[in-house]
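Welcome! Take a moment to look at the chain below, and then we will walk through it together.

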Amino acid sequence: MSRSLLLTWARCRNQTTSLSTSTKSGWTSLSFNRPHMSQKATRPFSVSTIHNKDQDKVKILFFGSDSFSVPHLEALIQEKSKPGSIIERIDVVSPKERTKKSKRDAEDSPLTLLAKAHNLNTYPSPDRKGGFDNWTFPKDKEVDAWDYGVVVSFGWFLPDDVITRFKRAGINVHPSLLPKYRGSAPLQRAILNQDQTTGVTVQLLDPNEFDAGKILAQAEVALPENSTYRSLEALLAKKGGELVVNVINSYDQCRRDAKTQDPTKVTKANKISREACKVQWPTWTAARTERLHRANGFRYPITAAWTVQDSGKVLNISLFDLFRVDSTNSSTTQLKNAGYAADGKTPSATSAPGTIFYHGPSESLHVTCSDGSLLGVKAVQFEGKKRLSAKDFHNGYHVHSGSSRFE
């Protein structure tokens, strides 16, 4: 053995060696630390797996449908564009949207339009009739498998054989502080129930039940006063986009800290039906009706019944642009002066629920509710007809302020 080799062997033998382990993106590296050796020197006593920087990158298959999912995809696209981002590629699964002109025609959803604008690959979601049984998982010659499936307001329950295709995880963003408000209408329920706070949850997809996965991250948000569905949706979608990016960037830590949902605290947030939006004048207050309008009016308008004076025919009528009338400090004289005197009648504690009073200065209908409170209505619409202003309805349908009623 040469003198140089003997000296090298002696130095290595006398060093204190320690074993270090690192795990990153599935790669494990084992090596002996040698503080006195040059970085360029050969290290005969190391055992390591070659670490390829490309393995830090992740591929995402994004599942979404409606306007809530769009800001989440935008956030991921923006993150992907940053220097040093771990996101290598994003592909999108999204349904077609039916046009109003014809049920046979279809057009791209806003999510698909966003994906195409950024040159992302797009794939169709399952057909409404066939579901996942007739759906083919996306294939791409450049992708052996996606690391994450990110599901945001998709509308479909991903089965286990789809979830397990992702190398790392299938995750979902839900607009509530789970386990509160599991279901399809958490925003509506938060508004209707006058919650002070709400939030966003990123969870693992559960193969057996909607919204039951382990919680990876949550963000609490104060519920702004007089929130509508759309305004709250925009607020939580922005927060959700930030949260899902954070989870992707720190998934290993989030996974280690993941929390199982407490089954004793589960509450449901089922859809609010069209029938549930028909006003019950004898029992509903103006505040309750107006909250329902803010919560679900984007989907179904508040409706009532109207009896046509000449024929006696009962028609369904939709009420729009609802607001609460503050008359708590108004005496009868003040109400007359405020514009209720046209027919000689003003709202009072004895007014039957559903009674209509036309208010000239605001050109709106003020309708009495169960507790004597007043619901303001700016516009109405009969089924199959054009929308009418409250003024035109009052003038054209023989509405007698103080005696005509909605049923």
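Leaving aside its neighbours within four places in sequence, which residues is E233 in contact with? They are S67, F68 and L187. Keep in mind as you read that this is a predicted model.

## A closer look at E233

You can find E233 in helix α6, which covers residues 229-249. Is E233 buried or exposed? Its relative accessibility is 6%, and because buried means under 20%, E233 counts as buried.

## The chain as a whole

Now let's step back. The chain has 407 residues, and 44% of them are buried. Its secondary structure includes 10 helices and 17 strands.

In soluble globular proteins, nonpolar side chains tend to be buried together. Here, the largest nonpolar core has 45 residues, and the members that touch the most others are L73, L76, V150 and I171. Helix α6 gives this core its largest share, 9 residues.

What does L76 touch, not counting residues up to four places away in sequence? Its partners are I60, F62, I87, I90, V150, V244, V245 and I248. Another core lies apart from that one: it has 27 residues, including W306, C369, V380 and F393.

Conventions. Residues are numbered from 1 along each chain as its sequence is written. This is a predicted model: local features need pLDDT of at least 70, side-chain atom pairs count only at pLDDT 80 or more; totals for chains, interfaces and linings use all residues. Side-chain values use heavy atoms; hydrogens and water are left out. Helices (H or I, at least four residues) and strands (E, at least two) are DSSP runs, numbered from the N terminus. Buried means under 20% relative accessible area, exposed over 50%, partly exposed in between (1.4 Å probe, protein chains only). Contact means heavy atoms within 4.5 Å. A nonpolar core is a set of buried Ala, Val, Leu, Ile, Met, Phe, Trp, Tyr and Cys residues joined through side-chain atoms within 4.5 Å.
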